Amino acid sequence: MTDVLGELLMRDSLDHCVKCTICETFCPVSNVTPLFPGPKYVGPQAERYRSDDAPSPDESLDYCSGCGICTQVCPQGVHVAEINTQARAKLRERTGFKLRDRLIARPTVAGALGTPVAPLANWALGNPVLRLALEKTIGLHRNAPMPIYAGRTFQRWARRRDPVTAERRVAFFHGCGTNYYEPRLGEMTVALLEHNGIAVEIPKQGCCGLPLQSNGMFDDARAYVHRLAASLAPYARAGVDIVGTSTSCTLMLKREALEILGLGDDPELRIVSERIYDICEYLLALHDRGELRDDFKPVPETVVYHAPCQQQGHGIGKPAIELLALIPELTVHESRANCCGVAGTYGLKAEKYQIAMDVGAGLFRQVADTASDRSVCDSETCRWQIAKATDVPSVHPVEMLYRASGLG
Amino acid sequence: MNDVIVVGAGVAGLTAAVRLAESGARVLVLAKGVGATHLSAGTIDVLGYAPERVASPREALGPFIAGHPEHPYARVGVEGIEAALGWFTARLPYVGSLDENLLLPTAVGVPRPSAVVPETMAAGDLRGGGDPVAVVGFRASKDFHPALMADGLTRLAGVPARALVCSALPEDRVDANGLAFARAFEDAAFRERVVTEVAGQLRAGERVAFPAVLGVTRPVWAEVAERLGRPVFEVPTLPPSVPGMRVFGALRDALRRAGGRLRLNNVVVGAERSGARVSALRVRVGLREETLRADWFVLASGGVASGGIALDSRWRVHETALGVPVHGAPDGERFSPDYFASHPMSTVGVAVDGELRPLGDGGERWADNVLVAGATLAGAVPWKEKSGDGISLATGFAAAGLVLGKPTKEVVA
Amino acid sequence: MAISDRADVLVIGGGATGAGVAWDAALRGYDVVLADRADLAEGTSGRFHGLLHSGGRYLVKDRLAAEECVLENALLRNLIPHCIEDTGGLFFSLPDDDPAYPDAFLEAAREVGMPAEEISPAEALRREPRLNPAVVRAIAVQDASIDAWQTVWTFAGGAREHGARIRTYHRVTDLHRDGDAITGARLRNELTGEESDIEVGFVLNASGPWAAQILHMAGIEDVGVVPGKGIMIAMNHRLVQTVVNRLAMPGDGDIIVPIQTVSVIGTTDIHATDPDEIPVTQAEVDQMLDDGERLVPGFRDARALRVWAGARPLFQDARAGEVTDTRDVSRTHAVVDHQARDGVSGLLTMSGGKLTTLRMMAQDLVDAMVAQLGHDRPCRTHEVAPPGPGEPLRLGGRLVKREETLLDEQLICECELIGRGRLETEMRERGTTNLDDIRRTLRLGMGPCQGGFCMYRATGILHEVEQLDGEQAAASLRDFLEERWKGVWPILYGDQLRQARLDDWIFQGLLDVEHLT
């Protein structure tokens with residue numbers, strides 16, 4: 001079989017498009033607004049009209065949320081979403097970047113600035129007057145689901161904890177979301193892994209660059225992801241698996257950075273990409289080998305599990321569903337939606353907020369209709385979107401397993 | 001660990017997977033993407049032309065199979081087809097049987113023979129003529145031209161027909177595909193607007209044709225018919241096919257309920273085989289290659305249109321998932337210069353024995369635990385015979401039966 | 001039969017030459033009728049690869065042709081910018097090419113005044129990432145791509161504005177000869193079957209490779225027009241963004257032209273006898289794919305859309321002997337003076353030539369006519385531009401346009417971004433019942449799906465715009481499918497075969513066009 005990286009020319013995959021319209025039927029955005037002409041149009045079709053000196057004359061491309069569902073469902077193997085993301089970067093080369101996008105695409109910056117003054121930052125982000133001002137000035141929608149600063153970082157906890165040693169070990173790629181906003185999730189993950197006899201190493205790490213990539217800032221994204229790969233590569237080289245709790249960031253390292261940013265020649269990224277796993281993927285594999293402690297206590301709750309579009313992008317099915325099925329008395333409704341709408345930073349933007357809410361409407365309704373106690377979802381930005389829209393807490397699957405393991 | 005891995009999420013693959021999962025097998029479906037259901041008409045065409053138009057599939061299948069011993073139907077027999085149809089019609093609101101083909105109008109008014117059709121389409125039957133037809137199109141739909149269909153109906157079917165154009169815009173869109181219309185039809189306000197606009201223009205005795213967009217998650221055909229007070233029928237249009245989506249949705253939900261799993265964007269690139277036994281498939285998932293094991297494998301990756309069978313630029317034919325030998329590749333001309341003629345390349349595919357096991361170059365079984373179903377099979381020209389759905393359904397159903405240890409020709413009560 | 005029309009000049013042939021001649025003559029005040037047996041640019045002009053020559057391909061072998069290209073290339077960019085995309089061009093050599101050729105090329109370029117700049121292999125690969133990495137030497141030139149249909153329609157349209165009558169689907173069935181003078185012709189309307197006679201003062205034979213057939217009607221035989229068959233393959237997208245040529249003596253399959261949304265590889269050069277009998281052979285296709293692979297590795301994995309053959313009107317006086325490889329025949333053009341050669345007045349033939357030099361060819365032909373008529377009417381086509389948008393052709397043009405109408409107008413041909421309004425306008429203006437005619441001017445159905453989706457839509461719209469009744473609509477759809485198939489089946493493999501199967505499903509399975517009579 002040919003080298004998989006030989007197919008890294010995303011653009012040339014447009015040749016496989018037979019115009020079947022299947023991608024259009026699944027696109028969450030074009031199904032709710034005609035402002036986005038659809039993945040087939042913006043991807044393989046328009047790409048034939050783009051050249052290096054006239055990169056992307058079509059602004060409507062910017063309405064693509066980058067959810068990647070189109071690539072998932074294409075029966076011919078067109079890398080639709082990847083073509084779109086690359087075209088968007090070229091569009092931005094021409095039109096430039098908004099200040100807002102520069103800000104929200106750098107979670108480490110926002111995190112570093114806000115953490116020391118968390119109470120103030122949280123108050124400000126929760127203040128309707130300030131939010132309205134933000135919307136009017138930089139275009140961040142007043143109702144956009146912003147996360148809450150934890151006031152501490154997971155990295156600091158990591159430095160101060162008492163690590164368990166064991167024969168088996170993993171390296172933990174926790175991501176910016178856990179670091180600045182949900183350090184508790186990181187702690188739960190470590191506890192769960194240690195509970196299963198796995199030692200957890202927590203390398204110093206930065207941002208994977210996904211928001212930069214989604215917003216078209218490719219050079220910056222490359223710098224970020226390269227730095228991150230450099231800090232994780234030593235583990236991969238030593239044969240240590242890397243696990244990630246942010247399914248979208250994990251996908252970035254597994255595949256997207258190589259395909260979209262053209263980093264197939266980066267040896268550190270390549271080796272990381274070969275050994276990185278979504279945490280549920282990893283835990284289910286343990287379970288399949290009989291190595292997962294499945295003496296779970298009952299959790300008599302009703303939840304809706306939503307697989308984020310980026311989780312589906314891993315192509316591994318929905319391991320969280322199978323893991324949650326191991327918890328006694330837990331009723332799990334599988335979300336029918338392909339996307340919750342937020343798509344990373346997309347749904348935060350004033351001009352896209354309503355589209356994002358329309359995309360997620362069905363999912364939000366399902367949470368309400370099932371009278372769920374909480375929703376379960378593998379990506380932090382999705383959790384914040386769903387929680388805000390449904391007023392029901394949203395947690396990572398790890399948290400359910402953590403509780404069912406009697407760890408807290 | 002999987003009992004069965006099914007390659008392909010079209011009608012053949014999903015039918016096999018659902019039947020297996022409902023019988024208790026642990027089933028994993030791998031698909032490059034969503035199958036051809038979204039492109040289909042939504043009808044189950046068993047045999048329409050052989051080469052003359054077929055009135056009764058039940059009567060025509062015998063001679064057809066005798067005359068086409070390499071055809072997939074020869075592997076499952078009339079009983080196999082009937083069993084599959086029975087299974088299908090028990091779970092989806094379809095009407096018809098092998099006894100007699102209905103004649104449904106295509107979007108250009110050609111009467112097309114179909115054996116089993118959604119109930120939403122049945123009132124379009126042209127056998128023996130029938131009531132005149134008012135064909136309703138929409139200004140916002142470029143994919144359905146009612147005047148063209150009305151003209152065809154009048155000329156070719158001898159049924160008086162005329163076109164009505166409705167100006168209601170679904171979701172305020174000027175350029176809406178079938179799915180947008182289908183969503184709009186699920187909204188009572190839109191439905192009411194359409195019904196009001198159409199009702200006033202109908203003449204006595206007319207039945208009403210709509211493009212096949214009367215709801216997708218919830219078919220609203222019956223409500224429209226009731227509001228108009230006369231028979232209403234859907235007509236399949238250019239893809240995306242809403243009736244096809246209904247079929248996909250029903251089968252996918254059934255698979256989910258039965259505990260089966262579906263993984264999209266998984267490309268099968270090879271098989272690990274020793275002797276006549278395949279132990280695992282090599283699957284490309286993103287940038288990785290995984291090895292997935294199972295006891296049984298059902299290959300339903302589709303034909304040339306889906307990429308299951310490929311012809312490269314050196315004119316070599318391959319079965320692209322497992323590398324099973326392909327039969328029927330012509331040495332000489334692959335195509336006739338006349339578009340409507342038969343083309344030697346048309347029947348290329350994987351040849352199988354009476355138990356759907358793929359055959360090697362010398363006619364021996366290539367593997368004991370691999371079954372092949374659907375458009376991947378050699379020996380048929382589905383778009384000319386009007387047999388594609390019948391082949392997919394019957395062979396997918398039979399494949400599952402074979403894995404479960406049931407003989408192909410058992411009739412399900 | 002009564003004379004039903006009169007004009008000063010009858011131009012036979014509606015390709016680039018004929019349109020250019022009609023424009024030139026009309027601009028000089030002549031009353032012109034142009035007749036073509038089919039649509040404009042249906043012959044050779046509509047079947048070439050779209051190259052606006054820099055002159056590079058002729059530098060070493062045919063100095064005169066190169067000089068002509070340099071001149072006319074610059075002129076046309078000013079006169080019809082909307083037909084030309086400034087893609088630039090590249091000549092590159094591979095290890096097995098003649099190492100002396102590049103220097104000979106550069107030397108000749110200097111002498112002829114053709115802009116040429118040698119660039120490093122690394123720079124060549126930077127500009128064209130898909131180029132064969134074994135490139136040894138590379139030279140950048142001013143090739144461009146030119147849309148033949150836009151060009152022909154622009155000149156014909158200009159002629160029409162100056163009073164010319166453009167009669168498409170009018171076949172010349174006979175030339176009227178009174179003694180030694182050509183006095184007119186008989187035309188047959190191919191759509192209605194109706195015949196008519198036209199009386200003219202002069203006949204200009206611009207019928208390209210069909211020139212000999214026309215002259216036969218005047219009793220003139222043995223004119224050396226040798227149809228040179230060349231096949232071309234359109235690839236689904238731009239594998240290269242500039243014109244890419246092998247830096248070697250011109251041979252088969254040594255050029256790829258990015259034209260509109262496709263890239264076209266060409267070509268072969270085989271003597272044909274009948275310009276209407278130029279079948280594409282399997283051997284030619286295989287050869288062309290191999291050639292492509294050497295220019296752009298991975299070519300065989302790319303998607304081929306269509307293959308076709310064109311017949312070049314190469315001039316060699318048949319009295320000089322038999323011809324097999326037409327590449328050695330001169331590519332420059334020549335006015336065949338039948339007064340001098342055959343003793344027949346009122347008739348001139350243009351032979352040879354290439355689209356790049358159409359203006360000059362027209363000038364030479366009309367100048368010769370003017371001289372024979374003893375008039376004083378100088379040519380002005382080098383300074384008067386035919387009416388047109390005036391903006392250069394850009395690849396993204398249609399994409400930009402579509403952004404403006406995204407929410408207001410239906411997109412009918414999605415591959416080629418043709419909106420409903422544009423289509424209906426074209427249908428009304430052309431007054432045609434033939435979808436193929438619209439295909440040529442709008443590129444309808446010429447994208448990857450080859451009409452799979454848009455043909456049904458276009459048929460429905462044509463029917464609605466009331467230009468066709470149902471039976472005609474049905475016939476038009478079937479005709480389109482049969483016509484399209486001719487250009488598709490010889491290169492049907494890989495992705496395009498998948499597309500063809502989907503299209504088969506739509507037309508035969510879903511619509512059942514086979515039984516639509």
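Predicted model: local features only at pLDDT ≥ 70, side-chain atom pairs only at ≥ 80, totals over all residues.
## Ground rules

Local features need pLDDT of at least 70, side-chain atom pairs count only at pLDDT 80 or more, and totals for chains, interfaces and linings use all residues. Side-chain values use heavy atoms, leaving out hydrogens and water, residues are numbered from 1 along each chain as its sequence is written, and chains are lettered from A in the order in which they are written.

## Chain C against chain A

Here 32 residues of chain C touch 28 residues of chain A, with contact meaning heavy atoms within 4.5 Å. Together they bury about 2600 Å², 53% of it on carbon and sulfur atoms; buried area is the accessible area (1.4 Å probe) that two parts lose on being put together, summed over both. C:H237, C:L399 and C:E403 supply 22% of what chain C buries here, more than any other three residues.

The rule finds three salt bridges across this interface, a salt bridge being a side-chain nitrogen of Lys or Arg within 4 Å of a carboxyl oxygen of Asp or Glu. A:R48 pairs with C:E416 in a salt bridge, with the closest N and O atoms 3.3 Å apart.

## Chain C against chain B

On this side, 57 residues come from chain C and 51 residues from chain B. The buried area is about 4800 Å², and carbon and sulfur atoms give 60% of it. C:Y456, C:R501 and C:L510 supply 16% of the area chain C buries against chain B, more than any other three residues.

Five salt bridges cross this interface. C:R457 and B:D143 meet in a salt bridge at 2.7 Å, N to O.
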